[in-house]
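Please read the sequence alongside the structure shown here. The paragraphs that follow go through its contacts in turn.

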Amino acid sequence: MWFKLAFLLVAAIACGGSAEQARFDNYRVYEVSIETELQLRTLQQLEQNPDGYNFWESPVQTNMRLSIVVPPHKFAHFEELTVALALKTRLQIEDFQKVIDAERPMRRTRATFGWTDYYTVDEIYAWMDSVVASNPTILTGSVYGKSFEGRDLKAIKLSHKAGNPGIFIEANIHAREWISSATATWLLNELLTSSNPAVQDLAQNYDWYFIMIANPDGLTYTKTTNRQWRKTRQPVNALCVGTDPNRNFDYKWMNGGASSVPCSDTFAGLTAFSEPETRAMADYYATIASNIDIQFSFHSYGQYLLTPFGYSGAPRPSNDADLQRIAAATAAAIQATYGTRYTYGNSAAVLYTTSGSTVDYFVGVHGTRLGYTFEFRDTGATGFVLPADQIIPNAEETLNGIIAFVAEAKALGYV
């Protein structure tokens, strides 16, 4: 009887239970600084038994900041907790639902596809198919695998001629980070249509490989059911669904900054490559790795440009001085566009410890010399629910950053 009940419960969870979108009226988002071991242990226990709380980042170490979504019925408890632990907190968002409601101001008048709104997996895939069909001599589309729920995992290659250095971009591995795939699609469109000589040079003299949506099941779930969803959608047990795909790659897996608790947002999986999405991306990258000189992982939020490695006790790469020099040039170009300030540096030092990530895997396993993580806008006012009217400005400053990045990498002899 228990087995049958558990099976039915897993099926219900995997299907989302209901297609009705969860609401977060009057939910607050607080930034919390972890300074002591007691604070860390207490927040780790709270994450394991959340009772309505939602952690946007997992508490993995002292000297880190994270964001916690606090439901109305926990306001008093959270206040008591901050006093008892002497936590330093900052109110990021007064009403999370209002931020969600303001995310897509053009949704009622949007075009078939564009960059003034966010789009579904099917709409993004349809656009990808259409641009490949319209540019058959320079674009190649491929399906490199299937997601847990059976969706295609798609990639696009842009190449004007043989022998070009390669640049690989993967986006939306974390489901709720919609700005990542929106920026990736905008970048490909610019590479196809821009009259800017610097952009044309990038398009013609480099091969570009794009995975626009690394986690299509998760992205779909954020559209239909829960805007806060981060992970994949493969059930782990009767109560918990999904693995953090950016903790699931088989390089220093579970070596800090990842959780073994299945319901945690940073759950690393029962094994490395437990998720079909991560296994398929790794297999695809293996077929192109010898051609890749630069690798970018697109995420949000925080305005960071992060270099490897992120796992516990990791040494800096032998070319770390070059990595930081390139990052400095990129951040300066981004800031020169609209004044957006990026913090750059080693991911474990600047942000927090992580293991099993895409960047660490591509650099550590395949020897890709330049691997970086972009954490896009903003710094917390809207978090990962970035209003759609910031898609184009975010993408424009990112492109300018990439132009500067490639120029500096070229000056240093990497491409």
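A residue is called buried when its relative accessible area is under 20%, exposed when over 50%, and partly exposed in between (1.4 Å probe, protein chains only). The model is predicted, so local features need pLDDT of at least 70 and side-chain atom pairs count only at pLDDT 80 or more, while totals for chains, interfaces and linings use all residues. Residues are numbered from 1 along each chain as its sequence is written, and side-chain values use heavy atoms, with hydrogens and water left out.

Begin with the salt bridges, each a side-chain nitrogen of Lys or Arg within 4 Å of a carboxyl oxygen of Asp or Glu. The whole structure holds 20 of them. In one, glutamate 408 pairs with arginine 325, their closest N and O atoms 2.5 Å apart. This pair links helix H13 to helix H10 (residues 320–338), across 83 residues of chain; helices are DSSP runs of H or I with at least four residues, strands are E runs of at least two, and both are numbered from the N terminus. Arginine 325 is partly exposed because its relative accessibility is 47%, whereas glutamate 408, at 17%, is buried.

Helix H13 spans residues 391–411 and contains alanine 411. Alanine 411 has 60% relative accessibility, so alanine 411 counts as exposed.

Now turn to the disulfide, a pair of cysteine sulfur atoms within 2.5 Å. The count is 1: cysteine 240 and cysteine 263, with sulfur atoms 1.8 Å apart. Both cysteines sit in the loop between H8 (216–224) and H9 (276–288), 23 residues apart.
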